[in-house]
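The sequence and the structure are shown first, and the account follows.

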Amino acid sequence: MPMITDTMIYSNARNAVMHSQVRLSDATRRASTGLRVATAGDDPAAAEQTVLLDANLEQLRAMKAAGDRTSSTFENSTRDLQDVQTVLTRATELAVQGANGTYTAGDRTAIAAEVQSLHDTVLAIANKQDEMGQYVYSGFKTDTVPFTAAGVYSGDNNARRVEVAPNIQVNANLPGSQVFNVATGVNVLGVLQTLQAALAANNPAGAQASLNDLSTAVNQVATAQTVVGAQEALLNNAGVTRTTNETSLRNTRQAVIELDSPQAYSDLIEAEAAYQAAITESSRILKGLRDGLNI
Amino acid sequence: MPGLFGALSVGSRGLQAQQYGAQVAGANIANATTDGYHREDTQITSGGAFSGTQTVSVKRAGQSYLEQNVRQQAATAKFAFTRAQQLVPVQDAVADLTSAGLGQSLSDVFASLRNLSASPADLAVRSDVLGRLQDFVGHVNQSAQALLAQRAQLDQQMKATVSDANSQIKIIASLNVDIAAAIASGDPATDLQDSRDSAVQALAQDVGARVDIDSSGSYMVTVGEGITVVNGGTALPLATATDPVTGLQHVVLPNTSFGTLDARLSGTVGGQLQVRDQDIVKAQTLLDGFAFDTLTAMNTAHLAGTDLQGNPGVNLFNPTVLAGAAAALTLNPALVGNPQKLAAAQSGTPAAPVPGDNRNADALVALQTALVATGATQTLNQSLGSIVANIGAQKQQADISNQQGAGRLQQAQNLREQESGVNVEEQIIHLTQFQTAHGAAARFISVIDDMLSTLLKL
């Protein structure tokens, strides 16, 4: 029969208490942090997955930030195009008036002056700068004044593509060549200048001739409005996609490294019970030893 | 047939023997919890039918194979304990899962590049990109420095442990001499033997140790599979020698041809060397690989672009060598304070400035999901994930070994205890036994005394 020595009894009792203490402290940490995996060593595979999930979540957050930056430019473009349409509607009215044979030369001079101011309004919009001093409608060449008074375009045809959700990119700017001077359409500023010149020269036929181009210009700006609208819709969709992705990533992350609370608490209670049992049992054994010796 | 006077001396020897036995039981009880104490068993041999107790001696309980087992398990357990403990800072340095980790820092870089893509001409956004790049560099440097610092620290700790091992080696050699002398003079020297076993145990914990006992009872101690460090009264202490390349210490045995003993040692030193030369080196290699892949991919992409002034892009990061990339990583000084030098555009050369061009910023953003790491098999984040998985697995394995080691040591100690430990109840019983026998011996003397008196009255 193997002998049980006092050192064994004491050290076994000590080990039992220490072991259950470690277990209790682990369970307490888990329950209080809500994390099953707090360090890489707890579960290397889960930790690796967490790194990737966190990176994806951060990526979505960054895409949202980039999307937020572009959404304000869309709002500005929408307003600008609206203003241009208002100008073109008024210019059409004025062209009709100017073409009317009952109007006098003086009337046409007055109308010409208003058309000039309409032209200047459109020019100001077309050459608009953002808060950084960059030209909004010059494509990539944001340091170049895009339009001359005659509507000659010095920008380029490029749009900045910005990723706003996984695999969803929007055009963050509208090149002036798609609004104010379209190769297959008309030169809006030029049309207004021609109209102004015809009116100033008291030429009703010239004013009449502008009406066709003005109508084309209205359609051209409407097309640009559709383009911006489509980009805005894309941006809104991106928001939905991001939210869906984020929810799914968060759920996965939770499943991978977080604890479900009931489990955590039942573990904690179990560990507490084990600790109590170890303490009670140890003190019972040690008391038994002392009593046996009448100490 | 012996006379009554002879019987008196039988009684007296009996009294002495029982006293001796009671004393030994008392000593056992007193040392019931003394570390390294071996139970002493009183051995009383009969001198023959009429001569009573002839010899009384103590025998030190214990089996050398059980001692050997405890030493071996202690060395293994210490190795595992040291490794598990020393891997914590390694894990913190390169596999931090919190928002203070490398992954977050890399994500922040890409987030700022996405802003750059949306607003390529915005100087505030550009400055933010530089700030994030700088933070990232700082993070990578910090991780690398933490590993270097821990290596250096382990080097010092290892040297201190070797020095402790050498103290034990000298103690064992000198106790070998003392014990031999004591035994020669008839003293069993059990306390000296306990001290010697404790010293061997300490040596085993430091570097691992094996004992062979020669015929005279002297310990011959070997470490690292057959390297003698104690031979009788001769101590052959270990030493440390500086590696000319790494500047780190190797364990050597002076005046021998063994060379470095590093890979042969167990115990605390073995654990320290395992972390210093294997685990940390692996972490460094992984971290350097990640840093180099990142800097290579980003430099390549950035060089292809054009900055805000129409100049070609420059390297984002220095240096451009793999070895030690993490510790040496810096942001190209030409960029510091010059946010306009970030090449967000992708225009032909010679180019006029094209501030609204974001195509190269996009190319940089695209690196977030491109397979540019680990020989074009992983994304940068996947490579970070692999580092976490690798270092985590190392730590997990070390933790398991540590638990197992502690369990096996406990088991080995229990086995030894069963053989050589003290059970107080048993000793109390012995005490009672000796007390009763002592009483009986005294009674025997008094009976003989009575008998003698009777005779003398005749």
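In this predicted model, the contact between the two chains takes 45 residues from chain A and 52 residues from chain B. The size of an interface is often given as the accessible area lost when the parts come together. Between chain A and chain B, the buried area is about 3900 Å². Carbon and sulfur atoms give 58% of that area. On the side of chain A, the residues that lose the most area to chain B are M3(A), R69(A) and F140(A). Together these three account for 16% of what that side buries.

**Chain A**

Chain A contains 6 helices and 2 strands. Read from the N terminus, its elements follow the order α-α-α-β-β-α-α-α. The radius of gyration of chain A is 38 Å, whereas the globule rule gives 19 Å for 295 residues, so the chain is more spread out than a compact globule. Along the principal axes, the C-alpha trace spans about 130 × 30 × 25 Å.

Of the contacts in chain A between residues at least 6 apart in sequence, 67% join residues at least 24 apart.

Where in the chain does G34(A) lie? Its place is the loop between α1 (6-33) and α2 (44-99) of chain A. Apart from residues up to four places away in sequence, G34(A) touches R29(A), E258(A) and L259(A). The relative accessible area of G34(A) is 26%. This residue is therefore classed as partly exposed, because that class covers values between the 20% limit for buried residues and the 50% limit for exposed ones.

A second residue, Q231(A), belongs to helix α5 (residues 204-257) of chain A. Is Q231(A) buried or exposed? Its relative accessibility is 12%, so Q231(A) counts as buried; the cut-off for that class is under 20%. When neighbours within four places in sequence are set aside, Q231(A) is in contact with F74(A), V170(A) and N171(A).

**Chain B**

Chain B has 10 helices and 10 strands. Its radius of gyration is 37 Å, while a compact globule of 458 residues would have a value near 23 Å. The C-alpha atoms of chain B fill a box of roughly 145 × 45 × 30 Å along the principal axes. Among contacts in chain B with a separation of 6 or more, residues 24 or more positions apart account for 68%.

**Surface, burial and charge**

The table sets out values for each chain.

| Property | Chain A | Chain B |
|---|---|---|
| Buried residues | 42% of 295 residues | 49% of 458 residues |
| Accessible surface | about 14400 Å² | about 19700 Å² |
| Share of surface from carbon and sulfur atoms | 54% | 56% |
| Positive side chains | 21 | 25 |
| Negative side chains | 30 | 37 |

The charged side chains can also be described by their position. In chain A, the centres of the positive and negative sets lie 6 Å apart. In chain B, the centres of the two sets lie 2 Å apart.

Note on methods:
Residues numbered from 1 in each chain as written. Chains lettered and ligands numbered in written order. Predicted model: local features only at pLDDT ≥ 70, side-chain atom pairs only at ≥ 80, totals over all residues. Heavy atoms only, no water. Helix = DSSP H or I, 4+ residues; strand = E, 2+ residues; numbered from the N terminus. Rg over C-alpha atoms; globule rule 2.2 N^0.38 Å. Buried < 20%, exposed > 50% of the residue type's maximum accessible area, 1.4 Å probe, protein only. Contact = heavy atoms within 4.5 Å. Areas by Shrake-Rupley, 256 points an atom, 1.4 Å probe, with all protein chains shown as cover. Lys, Arg positive; Asp, Glu negative; His and termini not counted. Charge placed at Lys NZ, Arg CZ, Asp CG, Glu CD. Buried area = accessible area lost by both parts, 1.4 Å probe.
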